[in-house]
Amino acid sequence: MEAVVDELPVILGAFWLTVKLTVVSGVISLIWGIVLAAMRVSPLPVLRGAGALYVNVLRNTPLTLIIVFCGLGLGTVMNVQFSRDDLSLNSFWLSIIGLSAYTAAFVCEVVRSGINTVPLGQAEAARAIGLTFLQTLRLVILPQAVRTVIAPLGSLLNALVKNTTVAAAIGVMEAALRMKNLFDAHGDAIIPIFLGFAAGFVVLTLPMNLLSGRLARRLAVVR
Amino acid sequence: MTGRGAGVLYDVPGPRARLRNNVLTLASGLVLLLVAYFVWTKYDEKGQWDGKLWQPFLRAETWTELILPGLLNTLTAAAVAAVLALLFGAAFGIARLSDHRWVRIPAAVVVEAFRAVPVLMLIFFAQYGGSLAGLVVTEFAAVVFGLTVYNGSVLAEIVRAGILAVPRGQAEAGSAIGLRKNQVMRLILLPQAVTAMMPAIISQLVVLLKDTALGFVVAYADLLNAGARVVPANYANLIPSVIVIAVVYIAINLALGYLATWLERRSRHSRKITADPAAAEVAAGGEVALMS
(Lines give C-alpha, C1' and ligand atoms only; values in the text may rest on other atoms or scores of the structure.)
Protein backbone atom coordinates (compact mmCIF):
# COMPACT_ATOMS: atom_id res chain seq x y z
CA MET A 1 0.00 0.00 0.00
CA GLU A 2 2.88 2.35 0.86
CA ALA A 3 4.30 1.98 -2.63
CA VAL A 4 1.01 3.10 -4.16
CA VAL A 5 0.83 6.15 -1.90
CA ASP A 6 4.48 7.06 -2.53
CA GLU A 7 4.15 6.74 -6.27
CA LEU A 8 0.75 8.40 -6.50
CA PRO A 9 1.98 11.36 -8.61
CA VAL A 10 3.62 8.94 -11.06
CA ILE A 11 0.47 6.82 -11.26
CA LEU A 12 -1.75 9.84 -11.81
CA GLY A 13 0.66 11.07 -14.50
CA ALA A 14 0.38 7.74 -16.29
CA PHE A 15 -3.41 7.87 -16.17
CA TRP A 16 -3.34 11.47 -17.41
CA LEU A 17 -1.47 10.17 -20.48
CA THR A 18 -4.08 7.40 -20.86
CA VAL A 19 -6.84 10.03 -20.73
CA LYS A 20 -5.05 12.19 -23.31
CA LEU A 21 -4.61 9.21 -25.64
CA THR A 22 -8.29 8.32 -25.23
CA VAL A 23 -9.66 11.82 -25.79
CA VAL A 24 -7.48 12.73 -28.78
CA SER A 25 -7.86 9.42 -30.60
CA GLY A 26 -11.53 9.30 -29.61
CA VAL A 27 -12.25 12.64 -31.27
CA ILE A 28 -10.21 11.81 -34.39
CA SER A 29 -11.76 8.36 -34.77
CA LEU A 30 -15.28 9.76 -34.29
CA ILE A 31 -14.78 12.26 -37.14
CA TRP A 32 -12.97 9.80 -39.39
CA GLY A 33 -15.52 7.07 -38.57
CA ILE A 34 -18.43 9.30 -39.55
CA VAL A 35 -16.69 10.18 -42.83
CA LEU A 36 -16.17 6.45 -43.49
CA ALA A 37 -19.82 5.72 -42.65
CA ALA A 38 -20.91 8.46 -45.06
CA MET A 39 -18.74 6.81 -47.72
CA ARG A 40 -20.25 3.38 -47.01
CA VAL A 41 -23.87 4.56 -47.32
CA SER A 42 -23.27 6.88 -50.28
CA PRO A 43 -24.80 6.14 -53.70
CA LEU A 44 -21.32 6.01 -55.26
CA PRO A 45 -20.02 2.44 -55.64
CA VAL A 46 -16.37 3.58 -55.65
CA LEU A 47 -16.66 5.22 -52.24
CA ARG A 48 -18.73 2.32 -50.90
CA GLY A 49 -16.05 -0.14 -52.01
CA ALA A 50 -13.18 1.93 -50.61
CA GLY A 51 -14.97 2.32 -47.27
CA ALA A 52 -15.74 -1.39 -47.06
CA LEU A 53 -12.13 -2.30 -47.88
CA TYR A 54 -10.78 0.03 -45.21
CA VAL A 55 -13.16 -1.26 -42.54
CA ASN A 56 -12.56 -4.94 -43.31
CA VAL A 57 -8.79 -4.58 -43.37
CA LEU A 58 -8.50 -2.51 -40.19
CA ARG A 59 -11.08 -4.47 -38.20
CA ASN A 60 -9.36 -7.78 -38.86
CA THR A 61 -5.82 -6.64 -38.10
CA PRO A 62 -4.61 -6.86 -34.50
CA LEU A 63 -4.32 -3.41 -32.90
CA THR A 64 -0.82 -4.31 -31.71
CA LEU A 65 0.26 -4.85 -35.31
CA ILE A 66 -1.21 -1.51 -36.38
CA ILE A 67 0.53 0.34 -33.56
CA VAL A 68 3.84 -1.43 -34.22
CA PHE A 69 3.47 -0.50 -37.89
CA CYS A 70 2.88 3.14 -36.93
CA GLY A 71 5.74 3.24 -34.43
CA LEU A 72 8.43 1.32 -36.28
CA GLY A 73 7.19 1.47 -39.87
CA LEU A 74 6.01 5.08 -40.09
CA GLY A 75 8.19 6.38 -37.28
CA THR A 76 11.54 4.70 -37.84
CA VAL A 77 11.56 3.54 -41.46
CA MET A 78 9.46 6.27 -43.07
CA ASN A 79 10.84 8.90 -40.69
CA VAL A 80 7.49 10.49 -39.88
CA GLN A 81 8.26 12.97 -37.09
CA PHE A 82 6.05 15.15 -34.96
CA SER A 83 8.80 16.55 -32.81
CA ARG A 84 12.47 16.77 -33.61
CA ASP A 85 13.87 16.31 -30.11
CA ASP A 86 11.10 14.85 -27.94
CA LEU A 87 10.95 11.12 -28.66
CA SER A 88 8.07 10.45 -26.27
CA LEU A 89 5.94 13.09 -27.99
CA ASN A 90 6.71 11.41 -31.29
CA SER A 91 5.59 7.95 -30.18
CA PHE A 92 2.54 9.53 -28.52
CA TRP A 93 1.30 10.94 -31.83
CA LEU A 94 2.29 7.84 -33.80
CA SER A 95 0.26 5.67 -31.42
CA ILE A 96 -2.64 8.11 -31.82
CA ILE A 97 -2.55 7.53 -35.57
CA GLY A 98 -2.79 3.78 -34.98
CA LEU A 99 -5.52 3.98 -32.33
CA SER A 100 -7.63 6.38 -34.41
CA ALA A 101 -7.26 4.42 -37.63
CA TYR A 102 -8.32 1.22 -35.84
CA THR A 103 -11.17 2.68 -33.78
CA ALA A 104 -12.59 4.61 -36.76
CA ALA A 105 -13.38 1.31 -38.50
CA PHE A 106 -15.59 0.33 -35.56
CA VAL A 107 -17.17 3.79 -35.28
CA CYS A 108 -18.03 3.52 -38.99
CA GLU A 109 -19.83 0.22 -38.49
CA VAL A 110 -21.76 1.51 -35.47
CA VAL A 111 -22.88 4.67 -37.27
CA ARG A 112 -23.80 2.73 -40.40
CA SER A 113 -25.91 0.24 -38.46
CA GLY A 114 -27.52 3.20 -36.67
CA ILE A 115 -28.61 4.63 -40.02
CA ASN A 116 -29.82 1.22 -41.13
CA THR A 117 -32.09 0.84 -38.08
CA VAL A 118 -34.24 3.78 -39.23
CA PRO A 119 -37.20 2.19 -41.03
CA LEU A 120 -37.48 2.90 -44.74
CA GLY A 121 -41.02 4.24 -44.28
CA GLN A 122 -39.69 7.18 -42.25
CA ALA A 123 -37.62 8.45 -45.16
CA GLU A 124 -40.36 7.73 -47.67
CA ALA A 125 -42.86 9.70 -45.60
CA ALA A 126 -40.38 12.58 -45.33
CA ARG A 127 -39.91 12.65 -49.10
CA ALA A 128 -43.65 12.32 -49.67
CA ILE A 129 -44.34 15.54 -47.74
CA GLY A 130 -41.73 17.28 -49.89
CA LEU A 131 -38.70 17.56 -47.60
CA THR A 132 -35.39 17.99 -49.40
CA PHE A 133 -32.53 15.54 -48.90
CA LEU A 134 -30.86 17.67 -46.23
CA GLN A 135 -34.15 18.25 -44.42
CA THR A 136 -34.89 14.53 -44.47
CA LEU A 137 -31.47 13.83 -43.03
CA ARG A 138 -31.55 16.60 -40.44
CA LEU A 139 -35.15 16.37 -39.25
CA VAL A 140 -36.06 12.72 -39.67
CA ILE A 141 -33.18 10.30 -40.07
CA LEU A 142 -30.30 11.62 -37.97
CA PRO A 143 -32.37 12.33 -34.82
CA GLN A 144 -33.43 8.68 -34.84
CA ALA A 145 -30.06 7.25 -35.91
CA VAL A 146 -28.07 9.21 -33.31
CA ARG A 147 -30.20 7.87 -30.47
CA THR A 148 -29.64 4.22 -31.37
CA VAL A 149 -25.92 4.85 -31.74
CA ILE A 150 -25.26 6.29 -28.27
CA ALA A 151 -25.02 3.02 -26.32
CA PRO A 152 -22.72 1.22 -28.79
CA LEU A 153 -20.52 4.32 -29.09
CA GLY A 154 -20.29 4.34 -25.31
CA SER A 155 -19.01 0.76 -25.31
CA LEU A 156 -16.54 1.68 -28.06
CA LEU A 157 -15.17 4.52 -25.95
CA ASN A 158 -14.91 2.12 -23.03
CA ALA A 159 -12.97 -0.33 -25.20
CA LEU A 160 -10.77 2.53 -26.44
CA VAL A 161 -9.73 3.40 -22.87
CA LYS A 162 -8.46 -0.16 -22.45
CA ASN A 163 -6.96 -0.28 -25.94
CA THR A 164 -4.76 2.75 -25.25
CA THR A 165 -2.58 0.38 -23.18
CA VAL A 166 -1.44 -1.23 -26.44
CA ALA A 167 0.56 1.95 -27.08
CA ALA A 168 2.98 0.38 -24.58
CA ALA A 169 4.18 -1.73 -27.54
CA ILE A 170 6.03 1.32 -28.90
CA GLY A 171 7.09 2.64 -25.51
CA VAL A 172 4.39 5.19 -24.68
CA MET A 173 4.46 5.48 -20.88
CA GLU A 174 0.73 5.09 -20.31
CA ALA A 175 -0.81 3.18 -17.41
CA ALA A 176 0.11 -0.41 -18.35
CA LEU A 177 3.79 0.24 -19.10
CA ARG A 178 4.10 2.48 -16.04
CA MET A 179 2.63 -0.33 -13.96
CA LYS A 180 5.28 -2.71 -15.30
CA ASN A 181 8.01 -0.20 -14.39
CA LEU A 182 6.60 0.15 -10.88
CA PHE A 183 6.57 -3.66 -10.61
CA ASP A 184 10.29 -3.57 -11.37
CA ALA A 185 10.93 -0.82 -8.83
CA HIS A 186 8.76 -2.24 -6.02
CA GLY A 187 9.04 -6.03 -6.31
CA ASP A 188 7.45 -6.48 -2.90
CA ALA A 189 4.28 -4.51 -3.64
CA ILE A 190 3.05 -6.09 -6.85
CA ILE A 191 -0.50 -6.82 -5.70
CA PRO A 192 -1.23 -3.35 -4.24
CA ILE A 193 0.17 -1.68 -7.36
CA PHE A 194 -1.91 -3.91 -9.63
CA LEU A 195 -5.04 -3.23 -7.60
CA GLY A 196 -4.31 0.50 -7.73
CA PHE A 197 -4.03 0.53 -11.51
CA ALA A 198 -7.06 -1.74 -11.91
CA ALA A 199 -9.04 0.67 -9.71
CA GLY A 200 -7.86 3.50 -11.95
CA PHE A 201 -9.36 1.81 -14.99
CA VAL A 202 -12.60 1.10 -13.15
CA VAL A 203 -12.78 4.78 -12.18
CA LEU A 204 -12.23 5.79 -15.82
CA THR A 205 -14.75 3.39 -17.38
CA LEU A 206 -17.52 3.07 -14.81
CA PRO A 207 -18.99 6.63 -14.96
CA MET A 208 -18.81 6.50 -18.75
CA ASN A 209 -20.76 3.22 -18.85
CA LEU A 210 -23.42 4.48 -16.46
CA LEU A 211 -23.79 7.76 -18.36
CA SER A 212 -24.05 6.21 -21.83
CA GLY A 213 -26.47 3.57 -20.51
CA ARG A 214 -28.69 6.22 -18.95
CA LEU A 215 -28.57 8.48 -22.01
CA ALA A 216 -29.39 5.58 -24.30
CA ARG A 217 -32.38 4.56 -22.17
CA ARG A 218 -33.68 8.13 -21.91
CA LEU A 219 -33.36 8.82 -25.62
CA ALA A 220 -34.47 5.40 -26.86
CA VAL A 221 -36.84 5.49 -29.83
CA VAL A 222 -39.93 3.41 -29.08
CA ARG A 223 -40.96 1.48 -32.15
CA MET B 1 -35.20 -4.82 -48.61
CA THR B 2 -34.16 -1.82 -50.66
CA GLY B 3 -35.54 -2.23 -54.15
CA ARG B 4 -33.11 -1.14 -56.86
CA GLY B 5 -30.83 1.05 -54.82
CA ALA B 6 -33.43 3.05 -52.93
CA GLY B 7 -32.65 3.35 -49.24
CA VAL B 8 -33.37 5.37 -46.18
CA LEU B 9 -31.06 8.06 -47.46
CA TYR B 10 -31.89 8.40 -51.12
CA ASP B 11 -34.55 7.51 -53.67
CA VAL B 12 -34.15 5.44 -56.80
CA PRO B 13 -32.04 7.78 -58.96
CA GLY B 14 -33.62 9.34 -62.00
CA PRO B 15 -31.75 10.32 -65.18
CA ARG B 16 -30.30 13.55 -63.76
CA ALA B 17 -29.24 11.92 -60.49
CA ARG B 18 -27.65 9.06 -62.43
CA LEU B 19 -25.60 11.50 -64.49
CA ARG B 20 -24.56 13.39 -61.36
CA ASN B 21 -23.66 10.11 -59.64
CA ASN B 22 -21.52 9.05 -62.58
CA VAL B 23 -19.64 12.36 -62.53
CA LEU B 24 -19.14 12.13 -58.76
CA THR B 25 -18.02 8.50 -59.08
CA LEU B 26 -15.37 9.56 -61.56
CA ALA B 27 -14.24 12.46 -59.36
CA SER B 28 -14.08 10.42 -56.16
CA GLY B 29 -12.31 7.61 -57.99
CA LEU B 30 -9.69 10.10 -59.13
CA VAL B 31 -9.25 11.45 -55.59
CA LEU B 32 -8.80 7.92 -54.23
CA LEU B 33 -6.26 7.13 -56.94
CA LEU B 34 -4.37 10.32 -56.08
CA VAL B 35 -4.25 9.35 -52.41
CA ALA B 36 -3.02 5.87 -53.34
CA TYR B 37 -0.42 7.37 -55.69
CA PHE B 38 0.79 9.75 -52.98
CA VAL B 39 1.22 6.90 -50.48
CA TRP B 40 2.90 4.76 -53.13
CA THR B 41 5.48 7.43 -54.03
CA LYS B 42 6.21 8.17 -50.36
CA TYR B 43 7.07 4.49 -49.81
CA ASP B 44 8.88 4.39 -53.13
CA GLU B 45 11.11 7.29 -52.06
CA LYS B 46 12.26 5.18 -49.13
CA GLY B 47 12.75 2.20 -51.45
CA GLN B 48 10.10 0.09 -49.75
CA TRP B 49 8.92 -1.51 -53.03
CA ASP B 50 12.44 -2.76 -53.78
CA GLY B 51 12.35 -6.35 -55.00
CA LYS B 52 15.22 -7.10 -52.63
CA LEU B 53 13.02 -6.45 -49.58
CA TRP B 54 10.15 -8.61 -50.84
CA GLN B 55 12.19 -11.49 -52.21
CA PRO B 56 12.59 -13.32 -48.86
CA PHE B 57 8.84 -14.03 -48.93
CA LEU B 58 9.22 -16.01 -52.14
CA ARG B 59 11.69 -18.39 -50.51
CA ALA B 60 10.39 -21.41 -48.64
CA GLU B 61 12.89 -21.13 -45.74
CA THR B 62 11.54 -17.72 -44.73
CA TRP B 63 8.15 -19.29 -44.24
CA THR B 64 9.13 -22.64 -42.77
CA GLU B 65 11.82 -21.33 -40.44
CA LEU B 66 10.69 -17.85 -39.45
CA ILE B 67 7.01 -17.21 -40.06
CA LEU B 68 5.20 -20.53 -39.67
CA PRO B 69 6.67 -21.27 -36.22
CA GLY B 70 5.33 -17.87 -35.15
CA LEU B 71 1.93 -18.65 -36.66
CA LEU B 72 1.94 -21.99 -34.86
CA ASN B 73 2.66 -20.27 -31.53
CA THR B 74 -0.11 -17.74 -32.17
CA LEU B 75 -2.60 -20.48 -32.96
CA THR B 76 -1.50 -22.60 -29.96
CA ALA B 77 -1.91 -19.69 -27.56
CA ALA B 78 -5.27 -18.80 -29.13
CA ALA B 79 -6.53 -22.39 -28.99
CA VAL B 80 -5.50 -23.02 -25.38
CA ALA B 81 -6.84 -19.64 -24.26
CA ALA B 82 -10.09 -20.17 -26.20
CA VAL B 83 -10.81 -23.51 -24.51
CA LEU B 84 -9.99 -22.14 -21.06
CA ALA B 85 -11.97 -18.94 -21.70
CA LEU B 86 -15.03 -20.93 -22.79
CA LEU B 87 -14.86 -23.00 -19.59
CA PHE B 88 -14.35 -19.84 -17.52
CA GLY B 89 -17.20 -18.11 -19.32
CA ALA B 90 -19.62 -21.02 -18.92
CA ALA B 91 -18.79 -21.40 -15.22
CA PHE B 92 -19.10 -17.72 -14.35
CA GLY B 93 -22.03 -17.06 -16.68
CA ILE B 94 -24.02 -19.78 -14.91
CA ALA B 95 -22.75 -18.74 -11.48
CA ARG B 96 -24.07 -15.21 -12.05
CA LEU B 97 -27.56 -16.67 -12.51
CA SER B 98 -27.36 -18.81 -9.38
CA ASP B 99 -30.21 -18.75 -6.88
CA HIS B 100 -27.72 -18.38 -4.04
CA ARG B 101 -26.53 -14.90 -3.28
CA TRP B 102 -23.13 -16.09 -2.01
CA VAL B 103 -22.41 -17.55 -5.47
CA ARG B 104 -24.04 -14.86 -7.55
CA ILE B 105 -22.36 -11.80 -6.04
CA PRO B 106 -18.72 -12.99 -6.02
CA ALA B 107 -19.14 -14.25 -9.59
CA ALA B 108 -20.48 -10.84 -10.64
CA VAL B 109 -17.59 -9.05 -8.93
CA VAL B 110 -14.99 -11.26 -10.64
CA VAL B 111 -16.57 -10.87 -14.09
CA GLU B 112 -17.06 -7.11 -13.83
CA ALA B 113 -13.56 -6.55 -12.44
CA PHE B 114 -11.74 -8.54 -15.11
CA ARG B 115 -13.78 -6.95 -17.89
CA ALA B 116 -12.68 -3.51 -16.73
CA VAL B 117 -8.94 -4.27 -16.77
CA PRO B 118 -6.94 -4.16 -20.03
CA VAL B 119 -5.52 -7.52 -21.19
CA LEU B 120 -1.98 -6.15 -21.29
CA MET B 121 -2.13 -5.31 -17.58
CA LEU B 122 -3.33 -8.84 -16.82
CA ILE B 123 -0.40 -10.25 -18.81
CA PHE B 124 2.11 -8.11 -16.90
CA PHE B 125 0.44 -9.05 -13.63
CA ALA B 126 0.64 -12.76 -14.48
CA GLN B 127 4.37 -12.45 -15.14
CA TYR B 128 5.27 -10.51 -12.00
CA GLY B 129 2.63 -11.94 -9.68
CA GLY B 130 3.56 -15.48 -10.68
CA SER B 131 7.23 -14.99 -9.95
CA LEU B 132 6.25 -13.42 -6.62
CA ALA B 133 4.48 -16.68 -5.78
CA GLY B 134 7.63 -18.57 -6.72
CA LEU B 135 6.29 -19.85 -10.04
CA VAL B 136 8.18 -19.69 -13.32
CA VAL B 137 5.72 -17.94 -15.64
CA THR B 138 6.66 -18.37 -19.29
CA GLU B 139 5.54 -15.75 -21.83
CA PHE B 140 3.13 -18.34 -23.15
CA ALA B 141 1.52 -18.85 -19.74
CA ALA B 142 1.25 -15.11 -19.12
CA VAL B 143 -0.41 -14.47 -22.49
CA VAL B 144 -2.82 -17.40 -22.03
CA PHE B 145 -3.68 -16.19 -18.51
CA GLY B 146 -4.48 -12.66 -19.65
CA LEU B 147 -6.53 -13.79 -22.64
CA THR B 148 -8.39 -16.45 -20.64
CA VAL B 149 -9.41 -14.21 -17.78
CA TYR B 150 -10.45 -11.22 -19.89
CA ASN B 151 -12.22 -13.05 -22.70
CA GLY B 152 -13.66 -15.55 -20.23
CA SER B 153 -15.34 -12.66 -18.42
CA VAL B 154 -16.75 -11.29 -21.67
CA LEU B 155 -17.94 -14.78 -22.63
CA ALA B 156 -19.58 -15.11 -19.20
CA GLU B 157 -21.70 -12.07 -20.04
CA ILE B 158 -22.53 -13.55 -23.44
CA VAL B 159 -23.55 -16.88 -21.90
CA ARG B 160 -25.65 -15.10 -19.29
CA ALA B 161 -27.41 -13.00 -21.93
CA GLY B 162 -28.01 -16.16 -23.97
CA ILE B 163 -29.55 -18.03 -21.04
CA LEU B 164 -31.76 -15.05 -20.21
CA ALA B 165 -32.89 -14.91 -23.84
CA VAL B 166 -34.39 -18.42 -23.63
CA PRO B 167 -38.12 -17.97 -22.95
CA ARG B 168 -39.09 -18.63 -19.32
CA GLY B 169 -41.57 -21.33 -20.33
CA GLN B 170 -38.65 -23.59 -21.28
CA ALA B 171 -37.25 -23.67 -17.75
CA GLU B 172 -40.74 -23.91 -16.25
CA ALA B 173 -41.61 -26.85 -18.50
CA GLY B 174 -38.37 -28.53 -17.45
CA SER B 175 -39.18 -28.07 -13.78
CA ALA B 176 -42.75 -29.26 -14.39
CA ILE B 177 -41.58 -32.62 -15.73
CA GLY B 178 -39.48 -33.06 -12.59
CA LEU B 179 -35.97 -32.08 -13.74
CA ARG B 180 -33.61 -30.81 -11.08
CA LYS B 181 -32.10 -27.32 -11.31
CA ASN B 182 -28.82 -28.51 -12.76
CA GLN B 183 -30.67 -30.74 -15.22
CA VAL B 184 -32.78 -27.80 -16.41
CA MET B 185 -29.60 -25.80 -16.91
CA ARG B 186 -27.60 -28.61 -18.51
CA LEU B 187 -30.29 -30.21 -20.69
CA ILE B 188 -32.57 -27.32 -21.60
CA LEU B 189 -31.17 -23.82 -21.09
CA LEU B 190 -27.47 -24.16 -21.90
CA PRO B 191 -27.83 -25.99 -25.27
CA GLN B 192 -30.32 -23.41 -26.52
CA ALA B 193 -28.33 -20.50 -25.15
CA VAL B 194 -25.08 -21.67 -26.74
CA THR B 195 -26.74 -22.18 -30.12
CA ALA B 196 -28.29 -18.73 -30.00
CA MET B 197 -25.04 -17.12 -28.86
CA MET B 198 -22.76 -18.94 -31.29
CA PRO B 199 -22.15 -15.91 -33.57
CA ALA B 200 -21.31 -13.71 -30.58
CA ILE B 201 -19.05 -16.41 -29.13
CA ILE B 202 -17.16 -16.76 -32.41
CA SER B 203 -16.81 -12.97 -32.69
CA GLN B 204 -15.26 -12.97 -29.24
CA LEU B 205 -12.90 -15.77 -30.28
CA VAL B 206 -11.80 -13.62 -33.21
CA VAL B 207 -11.04 -10.88 -30.68
CA LEU B 208 -9.07 -13.41 -28.64
CA LEU B 209 -7.06 -14.45 -31.69
CA LYS B 210 -6.33 -10.81 -32.53
CA ASP B 211 -5.30 -10.14 -28.94
CA THR B 212 -2.66 -12.90 -28.98
CA ALA B 213 -0.61 -10.23 -30.79
CA LEU B 214 -0.22 -8.57 -27.37
CA GLY B 215 2.30 -11.33 -26.71
CA PHE B 216 4.65 -9.17 -28.82
CA VAL B 217 4.96 -6.75 -25.89
CA VAL B 218 6.28 -9.47 -23.57
CA ALA B 219 8.37 -11.02 -26.40
CA TYR B 220 6.27 -14.16 -26.84
CA ALA B 221 7.45 -15.72 -30.13
CA ASP B 222 4.13 -15.28 -31.97
CA LEU B 223 3.26 -14.35 -35.54
CA LEU B 224 3.64 -10.61 -34.92
CA ASN B 225 6.99 -11.22 -33.26
CA ALA B 226 8.07 -13.17 -36.36
CA GLY B 227 6.89 -10.37 -38.65
CA ALA B 228 8.11 -7.34 -36.72
CA ARG B 229 11.27 -8.65 -35.05
CA VAL B 230 12.61 -11.90 -36.51
CA VAL B 231 12.17 -11.39 -40.27
CA PRO B 232 13.29 -7.70 -40.26
CA ALA B 233 16.32 -8.69 -38.15
CA ASN B 234 17.37 -11.00 -40.99
CA TYR B 235 16.46 -8.96 -44.05
CA ALA B 236 15.96 -5.35 -42.80
CA ASN B 237 12.51 -5.22 -44.40
CA LEU B 238 10.15 -4.15 -41.62
CA ILE B 239 7.37 -2.63 -43.72
CA PRO B 240 7.09 -5.45 -46.29
CA SER B 241 7.26 -8.01 -43.51
CA VAL B 242 4.55 -6.35 -41.39
CA ILE B 243 2.32 -6.10 -44.48
CA VAL B 244 2.73 -9.82 -45.22
CA ILE B 245 1.96 -10.72 -41.59
CA ALA B 246 -1.10 -8.46 -41.63
CA VAL B 247 -2.42 -10.33 -44.67
CA VAL B 248 -2.07 -13.62 -42.78
CA TYR B 249 -3.96 -12.23 -39.77
CA ILE B 250 -6.68 -10.75 -41.98
CA ALA B 251 -7.16 -14.02 -43.88
CA ILE B 252 -7.58 -16.03 -40.66
CA ASN B 253 -9.92 -13.50 -39.06
CA LEU B 254 -12.05 -13.06 -42.18
CA ALA B 255 -12.45 -16.85 -42.40
CA LEU B 256 -13.63 -16.96 -38.77
CA GLY B 257 -15.90 -13.96 -39.43
CA TYR B 258 -17.55 -15.73 -42.35
CA LEU B 259 -18.02 -18.78 -40.14
CA ALA B 260 -19.83 -16.58 -37.61
CA THR B 261 -22.11 -15.06 -40.27
CA TRP B 262 -22.88 -18.49 -41.70
CA LEU B 263 -23.74 -19.88 -38.26
CA GLU B 264 -25.91 -16.85 -37.56
CA ARG B 265 -27.84 -17.31 -40.78
CA ARG B 266 -28.25 -21.02 -40.07
CA SER B 267 -29.46 -20.55 -36.51
CA ARG B 268 -31.90 -17.87 -37.65
CA HIS B 269 -33.59 -20.42 -39.91
CA SER B 270 -33.44 -23.22 -37.37
CA ARG B 271 -36.66 -23.95 -35.49
CA LYS B 272 -35.01 -26.09 -32.82
CA ILE B 273 -34.12 -23.15 -30.64
CA THR B 274 -36.52 -20.73 -29.06
CA ALA B 275 -34.09 -17.99 -28.03
CA ASP B 276 -33.91 -15.15 -30.52
CA PRO B 277 -30.26 -14.96 -31.64
CA ALA B 278 -30.59 -11.34 -32.66
CA ALA B 279 -32.04 -10.28 -29.31
CA ALA B 280 -29.39 -12.23 -27.45
CA GLU B 281 -26.62 -10.63 -29.47
CA VAL B 282 -27.90 -7.12 -28.85
CA ALA B 283 -27.91 -7.94 -25.13
CA ALA B 284 -24.24 -8.88 -25.35
CA GLY B 285 -23.07 -5.82 -27.25
CA GLY B 286 -23.33 -7.11 -30.83
CA GLU B 287 -21.09 -5.40 -33.34
CA VAL B 288 -19.00 -3.69 -30.70
CA ALA B 289 -17.86 -7.02 -29.27
CA LEU B 290 -15.31 -7.25 -32.06
CA MET B 291 -13.25 -4.35 -30.83
CA SER B 292 -11.96 -5.72 -27.54
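Modeller: UniProt, in an unreviewed entry, places the feature "transmembrane region" at residues 21-41, 61-80, 92-112 and 189-211 of chain A. Keep in mind that this is a predicted model.

Colleague: What is the helix percentage over residues 21-41 of chain A?

Modeller: That span is 100% helix and 0% strand. Its end C-alpha atoms lie 29 Å apart.

Colleague: And how far apart are the end C-alpha atoms of residues 92-112 of chain A?

Modeller: They are 30 Å apart. The chain is 100% helix and 0% strand there too.

Colleague: Switching to packing. At what angle do α6 and α7 of chain A cross?

Modeller: Roughly 165°, with the axes coming within 10 Å. Helix α6 covers residues 120-128 and helix α7 covers residues 133-163. Angles over 145 degrees count as roughly antiparallel, so α6(A) and α7(A) are roughly antiparallel to each other.

Colleague: Is the crossing of α6(A) and α7(A) left-handed or right-handed?

Modeller: Right-handed. On the α6(A) side, the contact uses Q122(A), A123(A), A126(A) and R127(A). From α7(A) come T136(A), V140(A), I141(A) and Q144(A). By class, that contact has four nonpolar residues, three polar and one charged.

Colleague: Now the interface. How many residues of chain B are in contact with chain A?

Modeller: 47, and they meet 52 residues of chain A. Elements giving two or more residues to the chain B side are α1 (15-45), α4 (101-116), α5 (119-132), α9 (223-235) and α10 (238-269).

Colleague: Which one gives the largest share of that side of chain B?

Modeller: α10(B), with nine residues. The side of chain B that touches chain A has 33 nonpolar, nine polar and five charged residues.

Key
Residues are numbered from 1 along each chain as its sequence is written. Chains are lettered from A and ligands numbered from 1 in the order in which they are written. This is a predicted model: local features need pLDDT of at least 70, side-chain atom pairs count only at pLDDT 80 or more; totals for chains, interfaces and linings use all residues. Two residues are in contact if their C-beta atoms, placed from the backbone, lie within 7 Å. Helices (H or I, at least four residues) and strands (E, at least two) are DSSP runs, numbered from the N terminus. Ala, Val, Leu, Ile, Met, Phe, Trp, Tyr, Cys and Pro count as nonpolar, Asp, Glu, Lys and Arg as charged, and the others, Gly among them, as polar. Axes are lines fitted to C-alpha atoms, for helices over the stretch in contact, and angles run from 0 to 180 degrees between N-to-C directions. Angles under 35 degrees count as roughly parallel, over 145 as roughly antiparallel, 65 to 115 as roughly perpendicular and the rest as oblique. A crossing is left-handed if the near helix is turned anticlockwise from the far one by less than a right angle, and right-handed if clockwise. UniProt positions are given in the numbering used here, feature names are shortened, and annotations may be inferred rather than shown by experiment.
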